[in-house]
Amino acid sequence: MSADSGRRVRRSRREIPAGPDKATPRHGSAFTRLRRTPGLSFLDSRRPSGQLTLFGAVRGELRKMLSLRSTWVLLLIVMLLQPLSTGLMACATRVLAGLGWQTNHLLAHLLPASSDVFWSAVVSGLFPGMIVAGILGVLVLTREFSGATIESTLTANPRRGMVLMAKGLALALSTWLAAQVGLLLSWILAALLLPGRLGTLPAYKPGLALLDLLGGPLILVLFALMGLGLGALSRSRAGGVGLFLGLTLILPLILGLLGGLVPHVGWLQAPFRLTPTSLLVTFLSGLNRAAETGIRWCPTWWQAGLILMVWTALSCALGTLVFRRADIG
């Protein structure tokens, strides 16, 4: 009985036709011919979709930044502070002129229809805007440390230098857009509130209009990147904001007070003029020579811009060094 069942099994196996194995492509099959086409070799030469690129990192950081409400709030403050400050300064100028305060010797030189009053009103919002931009730069990185999400970021992209560069590019783009829109709104508002005060630019300030309208937002970008570098250096919100405020507000205040109160320390004017806030004033004024007598050296507007770039580069270099070498914990 067992022999008959064995013969039936062998007979049934012989009756089953051996068909082609469709799981493994044969030589000359359509799949093999497709692989040999020149078009597929071009597709194979492309970078795989999972490879890390700077463009993809910047896009991810932009998406991450703009998904937070605090980013939008700070960018709106940067944008709206400028027309608000311009409106207040323009209204104060008109009130002083309407009250007949032109009889004062100082105000008699400030209130006439000139470009100095107009452009001072336009760029007045950049000074509080630089503080907000710097704080935004600090928070771009330090909130990931406080929220314990930096480990996820570095797991997705273990290249710390690329991560910091992507954050800087995303921060620079968003800050520049907000500052540029705010400065254009300030210019329009000043033209409406201060009619006839456009005036002719003086000879020693030939490109003041372009310098303020195009260079002002770029200076705010430098302050934002400076905050990013200081945030990477401290890796904490309080420490980064403290370092930024100490560099931009406290240090100029201390040097100015010492220079004015302590006798025979006139040499402190030189380091005072090299502080970021003083460099911002010099850059926006568009001066090409020292405005005061008795000063050995005073930076011009383009020198002030270069020194601000050095401040930013130094902050970012120190922050990158600490961020790449320190343990994340």
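**A salt-bridge network and a helical core**

The side chains of K167 and E144 meet in a salt bridge, with N and O 2.3 Å apart; a salt bridge here is a side-chain nitrogen of Lys or Arg within 4 Å of a carboxyl oxygen of Asp or Glu. The model is predicted, so local features need pLDDT of at least 70 and side-chain atom pairs count only at pLDDT 80 or more, whereas totals for chains, interfaces and linings use all residues. Residues are numbered from 1 along each chain as its sequence is written, and side-chain values use heavy atoms, with hydrogens and water left out.

K167 lies in helix α10 and E144 in helix α8, so the pair ties together parts that are 23 residues apart in sequence. Helices (H or I, at least four residues) and strands (E, at least two) are DSSP runs, numbered from the N terminus. K167 is buried, at 1% relative accessibility. E144 is also buried, at 5%. The cut-offs are under 20% relative accessible area for buried and over 50% for exposed, with partly exposed in between (1.4 Å probe, protein chains only).

E144 forms a salt bridge with K64 as well, the closest N and O atoms being 3.3 Å apart. This pair links distant parts of the chain: E144 is in α8 (residues 126-146), K64 is in α4, and 80 residues separate them. K64 is partly exposed, with a relative accessible area of 30%. A salt bridge also joins K64 to E61 (3.4 Å, N to O). Both residues are in α4 (residues 54-66), 3 residues apart, or about one helical turn. E61 is buried, at 6% relative accessibility. Together, E61, K64, E144 and K167 are linked in a network of salt bridges. The structure holds 4 salt bridges.

The protein has 15 helices and 0 strands. Of its 329 residues, 38% are buried. Among contacts with a separation of 6 or more, 79% involve residues 24 or more positions apart; contact means heavy atoms within 4.5 Å. The accessible surface is about 19,100 Å², and 68% of it belongs to carbon and sulfur atoms. Accessible areas come from the Shrake-Rupley method with a 1.4 Å probe.

The largest nonpolar core has 57 residues, of which V122, L141, L171, I219, F223, L228 and F323 touch the most other members. Helix α11 (residues 208-234) supplies the largest share of this core, 14 residues. Such a core is a set of buried Ala, Val, Leu, Ile, Met, Phe, Trp, Tyr and Cys residues joined through side-chain atoms within 4.5 Å. Beyond its neighbours within four places in sequence, L171 contacts M65, L136, G137, V140, A224, L225 and L228.

In α11, 21 of the 27 residues are buried, so this helix is largely enclosed by the rest of the structure. From first to last C-alpha, α11 reaches 37 Å, close to the 39 Å expected at 1.5 Å a residue. The expected span is 1.5 Å times one less than the number of residues. A kink of about 40° lies at G215, shortly before the proline P217. The bend is the angle between axes fitted to the seven residues ending at a position and the seven starting there. R235 follows α11 and has a positive phi, near 60°.

S186 is found in α10 (residues 160-193). With 0% relative accessibility, S186 is buried. Not counting residues up to four places away in sequence, S186 touches Q82, P83, T86 and V122.
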